[in-house]
Amino acid sequence: MASNFNNAQDFQIENFYQFVNVDPAADPLSRLQAQIAAGAIHDSRERCDAPKCHPETRVAVQDDLYSWIVDRGGESECPRNVKWVTGPAGTGKTAVMGSLADRCAENGVLGATFFFASWSASIGRRRKTAFVTTIAHQLAQHEGDLQTAISTAVEKNPGVFEKNLHVQMEILVLAPLREVVGQSDGPGLRGAIIIDGMDECEAEQYHDTTSRGTQSKPARQNAEDQLEILQVLHAASLDPSFPFCILIASRPERVFREFFDPKNNPTLFVHKLDLNEDYNANADITLFLEAQFNILRRRYNLPPSWPPPKTISTLVENASGQFIYAATVIRFLDAGHRESPKALLEAILKMGSNVKSNPLKQLDILYSHILESSPDPLLSVRWILAVQWTTIGKEASASNVTMLLQTDSESDEVEHLLGNLHSLIRIPSPSDWATTQYDFYHKSLFDFLDDPDRCGKLYVESSQIWAFIWDRFIQACATGCNPQVAYPENFLKLLTSLPRHTNLPAGIAHSKVILTPASAHWWVTLAIAHQHDKSLWEMLKDVHRLVRAVLDLL
């Protein structure tokens with residue numbers, strides 16, 4: 001094995017691959033067990049503190065998923081065996097999948113599980129390497145005949161652990177299933193294979209991506225390995241001998257949206273389940289908070305009047321349907337700080353003021369992880385804040401704001417910069433692009449981005465955002481001077497209203513771009529043409545303020 005590694009993770013990979021040196025004399029199942037990611041299994045020691053649904057919460061979604069698992073046979077002659085569970089960051093996907101896996105295991109309808117986790121110290125939970133072997137290992141526990149068939153497959157194919165996932169799935173899972181399915185006198189194999197957090201699967205690197213060589217290849221992207229896993233599972237689900245349904249949970253990142261798009265595969269998958277859109281989580285979050293506050297009152301001898309009236313409703317509103325916010329708040333209140341839970345709760349309710357400590361560390365870690373999945377995190381942050389600050393008035397549709405902010409009208413900057421951030425920002429569908437505005441799932445995202453102590457290297461000064469918007473505004477005006485360019489009417493209204501509704505002069509002072517006389521004339525002419533949208537006096541004040549800002553700079 002090569003001794004040169006690009007980073008610390010490669011050292012972990014080297015340790016992970018030491019299973020290759022397992023005693024070849026060991027029995028086949030022992031060799032298989034040496035290849036698995038044990039921590040990825042739902043009831044593993046590593047997942048002892050994994051989130052689970054609070055009692056009596058998420059009942060509807062768990063019941064719906066469980067019913068789909070056990071009742072699939074009545075769907076049609078050829079039931080669709082793959083279902084996607086999705087939702088923005090923090091909506092409780094992992095908790096739902098964990099609780100569902102426990103329920104399936106108790107009732108004998110669990111085939112196998114794999115819980116990816118990019119934060120895990122175990123490389124097996126972060127990469128695809130041990131995915132198929134971990135599934136096969138669990139399936140081998142179901143019945144003696146299948147265990148024997150898998151053991152024989154390992155014995156006959158000693159190099160299977162070095163093969164790609166498609167070959168591994170065929171040798172270790174599908175071929176053994178073909179041998180045993182239908183031969184048993186019992187009820188037969190059935191149930192679900194549950195995979196959670198697939199969007200957290202990191203890419204394997206098969207070659208040196210540094211510049212030492214003359215022909216350095218680009219690094220493999222996470223989405224490539226995620227797509228490979230999706231394709232392997234889909235192919236398995238189509239095999240007549242494969243008796244399991246497959247449940248995949250992930251954030252709504254691009255590779256999953258495209259793979260499960262009904263337009264691409266209208267008959268292959270059941271309708272997705274969106275935890276944010278299909279279920280109202282407010283009642284469950286309220287129930288969770290009420291129960292947790294009861295525990296805190298007893299634990300810290302707090303009066304029955306605590307928390308103050310409307311506290312829970314305020315926290316539920318702040319949570320925006322995301323359980324992670326509520327869970328993080330409770331963890332902070334019960335973390336054993338020097339301050340009492342009463343004082344800590346007051347700090348949370350005053351978020352946005354100068355709170356020295358960070359009561360939302362877990363949420364910050366999650367936001368950082370998601371934002372850093374962008375190809376250019378800092379530019380994505382600029383876009384997010386610019387979208388927020390320019391989405392004013394009915395003219396600020398997603399189409400118009402994009403037209404303003406993108407540097408090249410022929411490029412797809414939105415997908416490039418925000419394609420992996422769908423768990424944070426709601427991007428309208430193409431059919432609603434011209435009439436619907438961008439929206440954000442969770443308002444605490446902006447609390448995070450506005451605080452340099454919380455977002456760290458992702459922090460962008462407000463002056464830089466205004467300069468970013470100013471530069472794009474000047475670019476749009478310069479382009480508008482071209483008589484061959486015909487902007488949509490609503491976009492012209494947006495350009496007219498920007499100086500009135502935004503703080504563009506703050507951007508002028510921090511920008512190297514100066515409004516040319518031709519661009520200035522074009523904008524003034526535009527403002528006069530649209531003066532019916534407001535009083536002429538207000539329009540002239542806008543022009544005066546913009547001109548004074550330029551003169552002051554000069």
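Is arginine 58 buried or exposed? I looked this up first. Arginine 58 has a relative accessibility of 3%, so it counts as buried; the cut-off for buried is under 20%. The model I am reading is a predicted one.

**Entry: arginine 58**

I then located the residue in the chain. Arginine 58 sits in the loop between α2 and α3 (59-71). I checked its backbone too. Its phi is positive, about 55°, although arginine 58 is not a glycine. I noted the general rule beside it. Most residues other than glycine have a negative phi.

**Entry: asparagine 301**

I looked up another residue with a positive phi. Asparagine 301 has a phi of about 50° and is not a glycine either. Its place is the loop between α11 and α12. Is asparagine 301 buried or exposed? I found a relative accessible area of 71%, so asparagine 301 is exposed. The cut-off for exposed is over 50%.

**Entry: a cis peptide bond**

I stayed with the loop between α11 (282-299) and α12 (311-319), where proline 307 lies. Tryptophan 306 and proline 307 are joined by a cis peptide bond, with omega about 0°.

**Entry: the whole chain**

I read off 25 helices and seven strands. The chain has 554 residues, and 50% of them count as buried.

In what order do the five strands of the open sheet lie? I read the order as β2-β3-β4-β1-β5, with parallel pairing. The edge strands are β2 (110-115) and β5 (273-274), and each pairs on one side only. In general, strands of a sheet pair through backbone hydrogen bonds.

I went through the pairs.

- β2 and β3 run parallel and are joined by five bridges. Phenylalanine 114 stands opposite isoleucine 195 in β3.
- β3 (residues 192-196) and β4 (residues 245-250) also run parallel, with five bridges between them. Here isoleucine 194 faces leucine 247 in β4.
- β1 and β4 run parallel as well, again joined by five bridges. Tryptophan 84 is opposite isoleucine 248 in β4.

**Entry: how covered the strands are**

I checked β4 next. Six of its six residues are buried, so β4 is largely enclosed by the rest of the structure. Which residues lie on each face of β4? I listed Cys245, Leu247 and Ala249 on one side, and Ile246, Ile248 and Ser250 on the other.

I checked β2 in turn. It is mostly covered, with six of six residues buried.

**Entry: helices across the sheet**

I looked for helices lying across these strands. Helix α4 (residues 93-106) lies across β1 (82-86), β2, β3 and β4, and runs at about 155° to β2. Helix α6 (residues 131-139) lies across β2 and β3, at about 150° to β2.

Leaving out residues up to four places away in sequence, glutamine 138 touches Ile41, Gly111, Ala112 and Thr113.

**Entry: helix α7**

I tested the length of α7. At 1.5 Å a residue, its 13 residues should span 18 Å, and the end C-alpha atoms are 18 Å apart, so the two agree. The buried residues of α7 include Leu146, Ile150 and Val154. The buried residues of α7 pack against α2, α6 and α8.

**Entry: helix α8**

I repeated the length test on α8 (residues 165-180). Its 16 residues should span 22 Å at 1.5 Å each, and the end C-alpha atoms are 22 Å apart, so this agrees. I also found a bend in α8, about 35° at isoleucine 171. Isoleucine 171 is among the buried residues of α8, as are Leu165, Met169 and Val180. Elements covering the buried residues of α8 include α2 (28-33), α6, α7 (144-156) and α9 (222-237).

Last, I looked at the start of α8. There a side-chain oxygen of asparagine 164 comes within 3.0 Å of the backbone nitrogen of histidine 166.

Note on methods
Residues are numbered from 1 along each chain as its sequence is written. This is a predicted model: local features need pLDDT of at least 70, side-chain atom pairs count only at pLDDT 80 or more; totals for chains, interfaces and linings use all residues. Side-chain values use heavy atoms; hydrogens and water are left out. Two strands pair if DSSP finds at least two bridges between them. Helices (H or I, at least four residues) and strands (E, at least two) are DSSP runs, numbered from the N terminus. Contact means heavy atoms within 4.5 Å. Axes are lines fitted to C-alpha atoms, for helices over the stretch in contact, and angles run from 0 to 180 degrees between N-to-C directions. Buried means under 20% relative accessible area, exposed over 50%, partly exposed in between (1.4 Å probe, protein chains only). The expected span of a helix is 1.5 Å times one less than its number of residues. The bend at a residue is the angle between axes fitted to the seven residues ending there and the seven starting there. A polar contact is a pair of N or O atoms within 3.5 Å; within protein, one must be able to donate a hydrogen and the other to accept it, and residues adjacent in sequence count only if both atoms are side-chain atoms.
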